[in-house]
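I keep these entries as short notes for someone opening the structure for the first time. Each one records what I looked up and what I found.

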Amino acid sequence: MSHLLQQLVTEQAERHTGQVAIVHKQERLTYGELEESSNRLARLLRDAGCRKGDRVCFLIPKTPAAIVTILGILKADCVYVPLDTSSPAPRLEKIIDACEPRFVIAGGPVNSVLDELMAEERRRTAVAIGWMGEGKVEGNNFKTGFSREDLLGYPSAPLECRNTFNDAAHILFTSGSTGVPKGVVITHANVIHFINWAVKYFGAKPSDKISSHPPLHFDLSTFDIYGTLGSGAQLHIVPTDLNLAPHKLAEFIRASELTQWFSVPSVLNFMAKADVVKFNDFPSLERLLWCGEVFPTPPLIHWMRRLPHVKFTNLYGPTEATIASSYYTVPQCPDDERAQIPIGSPCDGEELLVLDAELKPTPPGEIGDLYLSGVGLSPGYWRDIEKTEAAFKQRPGNSVSDGRIYKTGDLAKIGDDGLVYYLGRADTQIKSRGYRIELGEIETALNALNLTEECAIVAINTEGFEGVAICCAFAPLKDCEVAPAKLRTEMSKVLPNYMMPVRWKRFDLLPKNANGKIDRNSLKGQFQQETHNAGLRQNG
Ligand code: AMP
């Protein structure tokens with residue numbers, strides 16, 4: 001059994017070096033090529049001064065070069081940090097400054113962001129740039145320390161790794177309610193435990209063709225990558241431009257003859273609404289998995305009726321517990337659209353606990369806070385003891401794991417069938433198009449503009465692809481007439497597109513509740529009413 005993530009590819013390369021490992025558009029990389037290129041990168045990084053535990057960020061679109069980079073960083077005994085290539089520079093700056101990397105490895109059309117990131121002298125002197133794209137690229141504010149061609153000067157032979165099972169493999173930054181993204185530290189052990197369970201449970205094999213849909217800064221992508229490498233299968237990277245065209249996504253599954261599809265439900269919902277899946281479509285597809293948010297039962301029924309030969313599995317879990325903690329394979333197509341699909345039972349080595357305020361188990365059927373325990377639990381947030389202690393607590397009594405439990409912020413109950421049911425969030429974290437967003441992060445960005453007297457960001461459920469709509473209520477500063485367009489332009493300089501409010505409402509003063517706090521329920525009601533009225537107008 002492999003103990004380190006990078007060993008998964010080394011083992012496959014020893015077994016069948018010529019087998020295709022990664023497919024992206026016209027590009028194909030074999031296990032042998034993946035192994036050799038990542039060995040070269042690891043040697044180069046070590047030569048350039050990277051030491052065990054050093055962080056290396058990468059800013060590369062999801063391509064074979066990005067996977068080589070990930071493996072090279074791990075083989076250099078370092079910790080990789082994926083940077084979202086579609087995120088504005090100020091948000092990436094916070095991540096880079098928090099993890100103090102030795103290198104930022106870049107590639108693809110990211111020059112202008114890189115130039116912005118390196119505009120600050122302090123950052124430029126602390127961080128070197130490596131280039132994994134074509135040619136050697138330099139901007140006004142950065143010079144590349146190494147380029148892809150330089151790799152060829154390094155031997156491709158395997159190198160001895162000094163990192164161990166319980167060392168950090170990567171840090172994934174998620175939305176933080178105070179406006180600063182939180183870095184979740186994930187160890188090799190965290191991922192390997194999940195992959196071992198998943199490869200066995202789903203029966204993954206070398207002939208599998210596995211989709212790679214979620215972005216690299218989202219933990220779901222690690223299941224695709226390491227699940228593929230662990231089973232010697234082929235990883236088919238879904239080109240990001242297909243996301244806007246559901247019929248093209250369907251064509252991609254068909255033409256690539258995928259055996260496994262894994263994505264957030266929003267994508268499946270989008271495809272169902274566009275009606276792009278035919279009866280008995282995708283004959284090669286064996287399983288379809290989703291995670292990250294609720295997959296509403298009506299589109300699930302749509303998919304299950306169209307694809308009776310496919311196994312459908314709901315996976316549940318936050319980044320802090322590594323990919324997924326529980327699973328539920330839907331035994332047959334539900335006949336009632338109101339049927340609730342459970343998040344199911346724990347994966348091997350995991351535990352789901354529904355507890356009350358005193359951390360005592362709630363009786364079956366009663367709502368409580370969902371806590372997780374077990375082999376997937378992250379050691380905590382990067383250099384943030386306070387947040388780590390608030391979310392990861394010591395469990396009263398005995399436990400199968402090291403006694404730590406993680407408070408997910410989700411509400412749940414245990415059903416009569418003994419399965420766990422997800423009942424929503426206890427806080428203001430939301431999922432929009434599968435992205436995890438703290439409404440507080442948007443509010444902080446808006447407040448920082450100093451254009452509003454007060455503002456509130458709320459989310460409402462919609463019928464649309466985004467699942468929930470982010471709504472902004474604002475009262476402009478006195479004598480300062482700001483239009484939503486102005487706010488949107490300013491906010492888009494610091495927040496990624498998926499965090500941008502889609503509904504706006506101007507107030508002289510925001511409504512308040514009896515305690516004098518902004519009445520978010522009233523705001524939600526007003527946005528909901530407007531959505532309802534707009535629907536009526538459209539239909540009438
Ligand atoms: P993330 O860290 O982005 O994976 O987000 C974790 C959160 O997504 C969880 O705490 C849940 O609120 C939600 N989530 C994840 N999987 C599911 C699922 N299968 N059903 C419902 N909500 C989910």
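Which residue just after α9 takes a positive phi? I found G232 there, with a phi of about 70°. I note at the outset that this is a predicted model.

**Entry: helix α9**

I went back along the chain to the helix itself. Helix α9 has twelve residues and runs over residues 220-231. I checked its length: at 1.5 Å a residue the helix should span 16 Å, and its end C-alpha atoms are 17 Å apart, so the two agree.

Next I looked at how covered α9 is. Eleven of its twelve residues are buried, and I wrote the helix down as mostly covered. Among the buried residues are L220, F223, D224, I225, Y226 and L229. G227 and S231 are on that list too.

**Entry: the ligand**

I then turned to the ligand and asked which residues are closest. The ligand is surrounded by 17 residues, and N314, L315, T319, D410 and R436 are the closest. By kind, I noted seven nonpolar, five polar and five charged residues in this shell.

I looked up which strands take part. Strands β14 (311-316), β22 (420-425) and β23 (429-432) each give the shell at least two residues. β14 has the largest share, with three residues.

The backbone of L315 has a polar atom 2.8 Å from a nitrogen atom of the ligand. For K431, a polar side-chain atom is 3.0 Å from an oxygen atom of the ligand. For R436, an N or O atom of the side chain is 2.5 Å from an oxygen atom of the ligand. On its own the ligand has 500 Å² of accessible area, and the protein covers 97% of that.

**Entry: positive phi without glycine**

I looked for positive phi values at residues other than glycine and wrote down two. F282 is not a glycine, yet its phi is positive at about 50°. I placed F282 in the loop between α11 (265-273) and β13 (287-290). Is F282 buried or exposed? It has a relative accessible area of 1%, under the 20% cut-off, and therefore counts as buried.

T322 is the other one, with a positive phi of about 65°. T322 sits in the loop between β14 and β15 (326-329). I noted T322 as buried because its relative accessible area is 3%, again under 20%.

**Entry: T17**

I found T17 in the loop between α1 (5-15) and β1 (20-24). Its relative accessibility is 48%, so T17 counts as partly exposed. Leaving out residues up to four places away in sequence, T17 touches Q12, T30, Y31 and G32. I checked the pair T17 and T30: they are 13 residues apart in sequence, and their C-alpha atoms are 6.7 Å apart in space.

**Entry: R306**

My last stop was R306, in helix α12 (residues 297-306). R306 counts as buried because its relative accessibility is 16%, and the cut-off is 20%. What does the side chain of R306 reach at 2.9 Å? I found the backbone oxygen of V277 at that distance. Not counting residues up to four places away in sequence, R306 touches D275, V277, K278, F279, N280 and D281.

Key
Residues numbered from 1 in each chain as written. Predicted model: local features only at pLDDT ≥ 70, side-chain atom pairs only at ≥ 80, totals over all residues. Heavy atoms only, no water. Helix = DSSP H or I, 4+ residues; strand = E, 2+ residues; numbered from the N terminus. Expected span 1.5 Å × (residues − 1). Buried < 20%, exposed > 50% of the residue type's maximum accessible area, 1.4 Å probe, protein only. Near = heavy atom within 4 Å. Polar contact = N/O pair within 3.5 Å; in protein donor to acceptor, adjacent residues only side chain to side chain. Areas by Shrake-Rupley, 256 points an atom, 1.4 Å probe, with all protein chains shown as cover. Nonpolar A, V, L, I, M, F, W, Y, C, P; charged D, E, K, R; others polar. Contact = heavy atoms within 4.5 Å.
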